Amino acid sequence: MLLESGVNRVYPPGSRVFQQGEPGSAVLALVSGRVKVLGAEPDGGQLLITLRGAGDLLGEVAARRLSRRTASVETIDTCTARVLSTDRFNAFLSRHDGHSVLTDYVVTKLSQTVPYQVELVHFTPERKIARLLLEVVTLADQAATHPNRVPFSQQEIAEALGLARSTVALHLQRLRKLGALRSGRRLEVSDLDALKESAGV
């Protein structure tokens with residue numbers, strides 16, 4: 001019912017859907033594709049907070065509180081979403097007594113938004129990298145042309161995890177030798193079980 005209340009929109013890869021600090025004027029219900037949730041750092045960099053996929057709501061916290069956005073959202077793939085204005089979203093919640101359901105959803109979601117650099121602080125570099133790769137391919141649409149392809153560069157992985165690029169390159173090569181990743185320039189998972197083992201899952 002919520003999806004029927006919104007307007008369909010398609011966002012190309014690399015689109016900045018929401019910008020941190022802007023008013024929360026709309027909510028997106030992600031129908032397909034993956035997005036990065038990013039936080040601004042004091043030096044102007046972008047910290048990867050979490051990843052989201054089909055079925056997730058985006059921007060609901062700012063819309064509910066009528067506040068400014070606490071993070072930016074950028075598409076990884078071509079994404080399809082249903083867009084609702086803040087007014088329509090809150091009216092929908094009131095009509096369908098959805099406030100308590102939204103509160104439960106937000107609490108669960110917030111518990112999953114610890115930045116990767118913090119969440120994985122006690123892990124080895126290899127396990128950190130494997131965890132990130134595992135999550136991004138798990139969120140992929142399995143009907144996609146290359147669902148096991150990792151849409152991040154070595155530099156993006158390094159920045160997301162707070163690692164040196166050379167460290168990332170070293171451990172990606174090790175994951176290839178273990179059979180978790182295919183050989184070649186593109187990052188693509190070849191053995192999900194091997195990747196899970198490296199991720200400690």
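In which sense do strand β3 and strand β8 pair, and over how many bridges? Strand β3 (residues 26–32) and strand β8 (residues 79–85) run antiparallel and share 6 bridges. Strands here are DSSP E runs of at least two residues, helices are H or I runs of at least four, and both are numbered from the N terminus; two strands pair if DSSP finds at least two bridges between them.

Some ground rules: this is a predicted model, where local features need pLDDT of at least 70 and side-chain atom pairs count only at pLDDT 80 or more, while totals for chains, interfaces and linings use all residues. Residues are numbered from 1 along each chain as its sequence is written, and side-chain values use heavy atoms, with hydrogens and water left out.

**The sheet**

Back to the strands: they belong to an open sheet of 4, in the order β1-β8-β3-β6, with antiparallel pairing. β1 (7–11) and β6 (57–58) sit at the edges with a single partner strand each, so one side of each has no neighbour in the sheet. β3 also pairs with β6, antiparallel again, over 2 bridges. Here are some of the residue pairs:

| Residue | Partner | Partner strand |
|---|---|---|
| L30 | A81 | β8 |
| A29 | L57 | β6 |

In β3, 5 of the 7 residues are buried (under 20% relative accessible area; exposed is over 50%, partly exposed in between, with a 1.4 Å probe and protein chains only), so β3 is largely enclosed by the rest of the structure. E60 lies in helix α1 (residues 60–65) and is buried, at a relative accessible area of 2%.

**The cores**

Now for the greasy bits. A nonpolar core is a set of buried Ala, Val, Leu, Ile, Met, Phe, Trp, Tyr and Cys residues joined through side-chain atoms within 4.5 Å. The largest has 28 residues, and I129, L133 and F152 are among those touching the most other members. α5 (125–138) is the top contributor, with 7 residues. L133 is in contact (heavy atoms within 4.5 Å) with V150, I157, L172, L175, L181 and L195, leaving aside residues up to four places away in sequence. Another core lies apart, with 15 residues including F18, V73, C79 and A81.

**Helix α6**

In α6 (residues 154–161), the buried residues are I157, A158, A160 and L161. They fall within an arc of 165° seen down the axis (taking directions from the axis to the C-beta atoms), so they line one face of the helix. G162 follows α6, with a positive phi near 70°.
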